[in-house]
Amino acid sequence: MTKKKMTRRERLRSMIAEAEPGSVLHTELTTVQNILAKPKEQALPQLLRFLKPSLHPETKWMIGWTLETMKDERIIRPMMRALQAPENANRSNYFLWPLTKYDCTPHLWFFVNFIVKLDEPGEAMMVAIMIIKAMKGPFDPTIARKSIRTLLAEVKTPMAAEWKEQTEAFRLEAADYIMAKYFNRVSKEFWQPRNGSVPIS
């Protein structure tokens with residue numbers, strides 16, 4: 001018999017029940033629960049304002065997981081700010097996964113830069129590449145070319161040989177996707193006004 005997967009609200013209630021009454025975690029999770037009881041238009045901005053550096057890691061995880069389902073582009077920039085915060089360096093996955101559900105095309109360079117600064121080919125790098133592959137484009141030509149060059153550059157971050165090989169493979173995957181999107185756009189812009197052919201003189 002398969003175990004029923006808990007919904008986000010069920011998981012939140014379970015976390016509140018497990019947290020020590022009166023603790024910081026219990027108070028924070030209860031606040032999240034109260035916010036989510038409100039209509040979405042009120043809940044979303046309040047939840048984003050509540051996502052601050054001092055929060056307990058489990059609270060941040062729950063907020064990130066909740067925002068993933070809200071389908072509102074207003075979460076993109078707050079998630080990006082959270083990714084840049086030093087206190088979240090080891091918990092970037094909390095803020096990356098929600099963004100796989102959104103088209104972050106205007107922020108291509110942010111995620112390329114995020115990838116090349118990582119010191120291991122772990123989950124954060126994999127999910128950042130998923131975000132890039134979810135981008136619909138078109139990409140700004142200058143940013144696209146810069147991103148491809150950056151991703152294909154030599155990996156200079158010190159790491160084990162097998163990690164370096166995996167990092168290069170991940171970066172190549174991202175560069176290949178950007179290149180394909182960019183090439184398709186250039187090709188379309190070239191051939192469309194020519195009706196798919198070029199006269200030979």
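A residue counts as buried when its relative accessible area is under 20%. By this criterion, 40% of the 201 residues of the protein are buried in the predicted model.

The protein is built from 10 helices and 0 strands. Its pattern along the sequence is accordingly written α-α-α-α-α-α-α-α-α-α. The C-alpha trace spans about 80 × 45 × 40 Å along its principal axes. The radius of gyration is 21 Å, whereas a compact globule of 201 residues would have a value near 17 Å. The accessible surface comes to about 12,200 Å². Carbon and sulfur atoms account for 54% of that surface. Contacts were also examined by sequence separation. Among those between residues at least 6 apart in sequence, 67% join residues at least 24 apart.

Helix 9 was considered in detail. This helix covers residues 141-152, 12 residues in total. From its first C-alpha to its last it reaches 17 Å. That span is close to the 16 Å expected at 1.5 Å a residue. Four residues of helix 9 are buried: Ala144, Ser147, Ile148 and Leu151. They lie on the same side of helix 9, because they cover an arc of only 100° around the axis.

The start of helix 9 shows a contact between a side chain and the backbone. There, a side-chain oxygen of aspartate 140 reaches to within 3.1 Å of the backbone nitrogen of threonine 142.

Notes. Residues are numbered from 1 along each chain as its sequence is written. This is a predicted model: local features need pLDDT of at least 70, side-chain atom pairs count only at pLDDT 80 or more; totals for chains, interfaces and linings use all residues. Side-chain values use heavy atoms; hydrogens and water are left out. Helices (H or I, at least four residues) and strands (E, at least two) are DSSP runs, numbered from the N terminus. The expected span of a helix is 1.5 Å times one less than its number of residues. Buried means under 20% relative accessible area, exposed over 50%, partly exposed in between (1.4 Å probe, protein chains only). The arc is that of the directions from the helix axis to the C-beta atoms. A polar contact is a pair of N or O atoms within 3.5 Å; within protein, one must be able to donate a hydrogen and the other to accept it, and residues adjacent in sequence count only if both atoms are side-chain atoms. The radius of gyration is taken over C-alpha atoms; the globule rule is 2.2 Å times the number of residues to the power 0.38. Contact means heavy atoms within 4.5 Å. Accessible areas come from the Shrake-Rupley method with a 1.4 Å probe; for residues, only the protein chains shown count as cover.
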